[in-house]
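Could you look through this structure with me? I have put together a few friendly notes to read beside it.

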Amino acid sequence: MDLIRLLIIDAWFAWIPAVGFAMVFNVPKKMLIYCAIGGAFAHSFRFLLMHFGVHIEWATLAASSSMGFLGLYWSRKHLIPRPVFTVASVIPMIPGSFAFTTVVGIVQLNSGGYSLELIQVVIENGLRTLFILAALSFGLAIPSLLIYRGRPIV
């Protein structure tokens with residue numbers, strides 16, 4: 001029961017930035033509910049996978065690719081481009097804290113000098129940020145590559 005409560009709380013706080021970024025990208029008002037559902041679904045799915053021991057990078061890849069498939073379905077159903085749903089829905093999974101820690105570590109290296117612990121923090125958080133961002137972009141691209149791979153480009 002505690003896991004369900006945590007998932008509901010996670011979904012509640014994940015739809016807010018998804019809708020906020022959808023409004024910044026001028027998504028039609030009727031489609032904002034889909035962005036909210038997508039953001040809540042993707043972030044909660046990643047949270048659930050991480051709860052069961054999956055690393056954040058792989059959980060992000062699975063959540064963003066599942067959101068890519070869901071966005072592909074919604075785009076065909078409503079005849080709206082796929083990024084309208086998918087980009088705003090994965091925004092809550094951007095690794096802001098890891099990127100911030102990396103930048104703070106780089107500034108401390110510049111001002112305070114070299115330290116082995118500080119280098120370790122910078123490299124670990126920088127690579128984690130890079131891999132999470134790669135998982136987000138590849139996860140959104142995989143469904144289109146699988147569905148449309150036989151279709152001619154021109």
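1. A word on the model: it is predicted, so local features need pLDDT of at least 70 and side-chain atom pairs count only at pLDDT 80 or more, while totals for chains, interfaces and linings use all residues. Residues are numbered from 1 along each chain as its sequence is written, and side-chain values use heavy atoms, leaving out hydrogens and water.

2. Start with helix α1, residues 2-24. Helices here are DSSP runs (H or I, at least four residues), numbered from the N terminus. Its 23 residues should span 33 Å at 1.5 Å a residue, and the end C-alpha atoms lie 34 Å apart, which agrees; the expected span is 1.5 Å times one less than the number of residues. After α1 comes asparagine 26, with a positive phi near 60°.

3. Which residues of α1 are buried? They are Asp10, Ala14, Ala18, Val19 and Ala22, where buried means under 20% relative accessible area (1.4 Å probe, protein chains only). Their cover includes α2 (32-51) and α4 (83-90).

4. Now find threonine 102 in helix α5 (residues 96-112). Why does threonine 102 count as buried? Because its relative accessibility is 12%. A polar atom of its side chain lies 3.0 Å from the backbone nitrogen of glycine 126.

Methods:
Helices (H or I, at least four residues) and strands (E, at least two) are DSSP runs, numbered from the N terminus. Buried means under 20% relative accessible area, exposed over 50%, partly exposed in between (1.4 Å probe, protein chains only). Contact means heavy atoms within 4.5 Å. A polar contact is a pair of N or O atoms within 3.5 Å; within protein, one must be able to donate a hydrogen and the other to accept it, and residues adjacent in sequence count only if both atoms are side-chain atoms.
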